[in-house]
Amino acid sequence: ARALCGRSILDIPGAVSAFEKAVKDFSPQQDRQELNQALWLLSTRIGCYLLTGYLGPFDGLSEGNRESALLGMSTSMFEPKRKLFGSLKRLGLFIATAHVPPQANTNPSLKALGYTMPE
């Protein structure tokens with residue numbers, strides 16, 4: 001989202017909660033289970049290391065290391081890692097462009113994309 005909108009999804013109020021809700025409410029059961037397992041692994045030191053090559057947990061990594069870890073997953077020779085990266089990327093981009101933060105009437109990323117809301 002940063003490359004597209006000039007901001008991180010973490011800069012959008014409520015985006016993390018919206019991401020979690022989207023996983024819970026809109027993902028098929030098997031996809032949700034796989035994603036939850038992967039997210040749990042990323043929350044552990046050894047799981048993060050196995051998936052990314054960085055000794056985690058993922059949320060404890062610097063922003064640069066998180067970005068490098070995700071980019072590494074995107075080009076991994078292991079298809080499950082590429083699939084996980086694709087799922088996170090698609091869901092993150094959806095939230096970054098569709099989520100309307102509390103007490104706002106539009107998504108702040110839309111202006112960065114050059115989109116103007118119709119009157």
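Colleague: Where does Ser-62 lie?

Modeller: Ser-62 sits in the loop between α4 (45–52) and α5 (63–74). Helices here are DSSP runs of H or I with at least four residues, strands are E runs of at least two, and both are numbered from the N terminus. This is a predicted model: local features need pLDDT of at least 70, side-chain atom pairs count only at pLDDT 80 or more, and totals for chains, interfaces and linings use all residues. Residues are numbered from 1 along each chain as its sequence is written, and side-chain values use heavy atoms, leaving out hydrogens and water.

Colleague: Why does Ser-62 count as partly exposed?

Modeller: Look at relative accessible area: under 20% is buried, over 50% is exposed, and partly exposed is in between (1.4 Å probe, protein chains only). Ser-62 is partly exposed because its value is 40%. Gln-30, in helix α3, counts as exposed because its value is 55%. Across the protein, 31% of the 119 residues are buried.

Colleague: What does the loop between α6 and α7 hold?

Modeller: Val-100 is one of its residues, and Gln-103 is in that loop too. Val-100 counts as partly exposed because its relative accessibility is 39%. Gln-103 is exposed, at 86%.

Colleague: Which residues are in contact with Val-100, leaving aside its neighbours within four places in sequence?

Modeller: Contact means heavy atoms within 4.5 Å. With those neighbours left aside, Val-100 touches Asn-105, Thr-106 and Asn-107. For the protein, take contacts between residues at least 6 apart in sequence: 40% of them join residues at least 24 apart.

Colleague: Which peptide bond is cis, with omega near 15°?

Modeller: The bond from Gly-56 to Pro-57. Pro-57 lies in the loop between α4 and α5.

Colleague: What is the volume of the second largest pocket?

Modeller: Rolling a probe the size of a water molecule over the atoms shows where empty space is left. On a 1 Å grid over the protein atoms alone, a pocket is an open set of points where a 1.4 Å probe fits, with protein on both sides within 12 Å along at least five of seven lines; lining residues have an atom within 4 Å of a point. Grid points are joined across faces, edges and corners, and the volume is the space filled by probe spheres set on them. Here it is about 450 Å³. The lining has 17 residues, and the closest to the centre are Asp-31, Glu-34, Leu-35, Leu-84 and Ser-87. The elements giving two or more lining residues are α3 (29–42) and α6 (79–98). α3 gives the most, with 7.
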